[in-house]
Amino acid sequence: MDVPALHPLISLVLTGALLFGLTLVVLELRHRLRPASPLKLRSGPWQVRSAANSLLVEGEIQIANPHPRMEVMVPELQVLPTLLGQGRLDGVSIEIQIDPDHPDEPARPDGYWFAYIVKGRKTTKARINLRLSAPAETPIGPLLDTLWLDIDWVNYGPFGRLKRRDGLLIPLRRPEPIAPASALWRQGDASQVLPIRTHLLGVLDDPAEVLRHYAGGLLLPGDVLTIGETPLAVMQGRYHHPSTVEPSAVARLLCRVFHPTSSLATACGLQSLIDLVGPARVLCAWLVGMALKLVGSKGWFYRLAGEQARLIDDITGTTPPYDQTIVLGPERPAELCRDLAAQLGVAVAVVDVNDLGRVKVLASSPGCDEALLQRALRPNPAGNANERTPLVLVRP
């Protein structure tokens with residue numbers, strides 16, 4: 001090719017690069033300017049008390065506005081309870097009462113939720129009371145296991161009218177910690193392995209307290225205590241309902257090329273990743289990943305898109321009731337492992353294990369023998385169903 005013929009080709013490449021760059025800038029701007037509310041919903045303390053063949057569940061939710069100036073209205077708020085248990089729950093009735101606990105306006109005596117303005121840097125609350133009752137001949141204590149609350153609420157302000165949906169899990173029963181004499185250890189590769197059963201975990205649980213309560217009486221020097229990445233993520237509140245996700249055109253298009261079993265093969269699953277790292281990074285990772293895949297080098301999308309790309313679990317990917325939500329990967333796992341190891345006196349690791357023998361150590365405390373974990377956890381002693389054994393103790 002002669003030199004003059006290069007000029008149109010160079011011009012075409014530069015034009016394409018410029019258009020692609022502008023596309024990335026537009027995508028990022030639209031992503032940053034999409035409607036969003038500053039309000040944050042958190043849970044306060046909860047109590048579960050037994051009464052005459054019924055359970056009384058009492059607690060509060062808090063709505064905080066961290067924005068310095070914006071005022072946001074909450075015109076609607078309702079709570080939809082779902083019970084999980086050990087048998088048919090048709091005869092169990094639920095009575096629910098929601099009482100606003102605003103700092104400057106008293107609640108109405110009829111229980112009506114009136115539209116309330118949450119001013120900048122202010123917080124309001126709502127008290128929630130539930131009575132779970134069963135027929136006289138049905139003991140309610142052994143029947144019920146977990147209460148899940150779907151909190152549907154509306155935010156109204158400069159961003160428009162946004163429907164929000166948050167989920168809150170309240171354990172109604174908790175298993176007793178394993179006594180050292182009754183622990184059923186499994187023999188592994190140069191190690192012993194003990195799956196540890198807990199209650200169904202949620203945002204009301206503190207990871208350090210969970211590990212100390214269920215495993216503290218079993219620990220010996222040299223042990224490694226592992227926790228699954230998904231149970232840790234739900235304790236950190238890193239899950240959301242897909243109804244709160246609005247897939248972009250990029251998510252709807254790119255999700256179609258992922259394997260059908262991937263959590264990124266749905267528009268809402270991929271959009272959850274885009275919301276974390278931005279559309280420009282996801283699009284670039286997808287283009288480079290596809291190009292390298294054509295020449296036989298796989299896995300580059302996940303390397304370029306970041307750790308969360310591998311950790312997102314779409315609906316059906318976790319145990320009920322989280323099977324209705326999209327669960328992200330845990331936040332700051334390495335820092336958490338260091339803190340937990342210092343408190344417990346043994347090594348701590350966050351792991352992702354499946355039934356195919358795949359073991360990924362997301363993070364571990366200093367000095368942890370990760371090669372030992374790879375061998376010990378390959379049979380997946382925690383299971384991938386509803387075993388409720390998010391903790392596994394490994395003893396060399």
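Which residue stands opposite Thr226 in strand 16? It's Val392, and that pairing is a handy way into this predicted model. Since this is a prediction, local features need pLDDT of at least 70 and side-chain atom pairs count only at pLDDT 80 or more, while totals for chains, interfaces and linings use all residues. Residues are numbered from 1 along each chain as its sequence is written, and side-chain values use heavy atoms, with hydrogens and water left out. Helices (H or I, at least four residues) and strands (E, at least two) are DSSP runs, numbered from the N terminus.

- Six strands line up as 9-10-16-11-14-15 in an open sheet with mixed pairing; two strands pair if DSSP finds at least two bridges between them.
- At the edges sit strand 9 (186–188) and strand 15 (359–364), each pairing on one side only.
- From one strand to the next, the twist averages 30°.
- Strand 14 (residues 347–353) runs antiparallel to strand 15, and five bridges join them.
- Look for Ala349 there: it stands opposite Ser364 in strand 15.

**Helices on that sheet**

- Helix 10 packs on the sheet, touching strand 11 (224–228), strand 14 and strand 15. Its direction makes about 140° with that of strand 14; angles run from 0 to 180 degrees between N-to-C directions, and axes are lines fitted to C-alpha atoms, for helices over the stretch in contact.
- Helix 11 (residues 370–377) packs on the sheet too, touching strands 10, 11, 14, 15 and 16. Its direction makes about 145° with that of strand 15.

- Five of the five residues of strand 16 are buried, so the rest of the structure largely encloses it. (Buried means under 20% relative accessible area, exposed over 50%, and partly exposed in between, using a 1.4 Å probe and protein chains only.)
- Both faces are covered: Leu391, Leu393 and Arg395 are buried on one side, Val392 and Val394 on the other.
- Strand 16 pairs with strand 10 in the antiparallel sense over five bridges, and Ile196 has Leu391 as its bridge partner.
- Strand 11 also runs antiparallel to strand 16, joined by four bridges.

**Helix 3 meets helix 10**

- The axes of helix 3 (residues 207–215) and helix 10 (residues 333–344) come within 10 Å and cross at roughly 40°. That makes helix 3 oblique to helix 10; under 35 degrees counts as roughly parallel, over 145 as roughly antiparallel, 65 to 115 as roughly perpendicular and the rest as oblique.
- Pro207, Ala208, Leu211 and Arg212 in helix 3 meet Leu340, Gln343 and Leu344 in helix 10, where contact means heavy atoms within 4.5 Å.

**Strand 2 and its partners**

- Ten of the twelve residues of strand 2 (residues 54–65) are buried, so this strand is largely enclosed by the rest of the structure.
- Strand 1 (residues 40–51) pairs with strand 2 in the antiparallel sense over ten bridges, with Arg49 opposite Leu56.
- Their hairpin has two residues between the strands, and Asn53 takes a positive phi near 50° there.
- Strand 6 (residues 122–133) runs antiparallel to strand 2, with twelve bridges joining them; Val57 has Leu130 as its bridge partner.

**Asp275**

- You'll find Asp275 in helix 6 (residues 267–277), partly exposed with a relative accessible area of 31%.
- Asp275 and Arg32 are 243 residues apart in sequence, yet 9.4 Å apart in space, C-alpha to C-alpha.
- Leaving aside neighbours within four places in sequence, Asp275 is in contact with His31 and Arg34.
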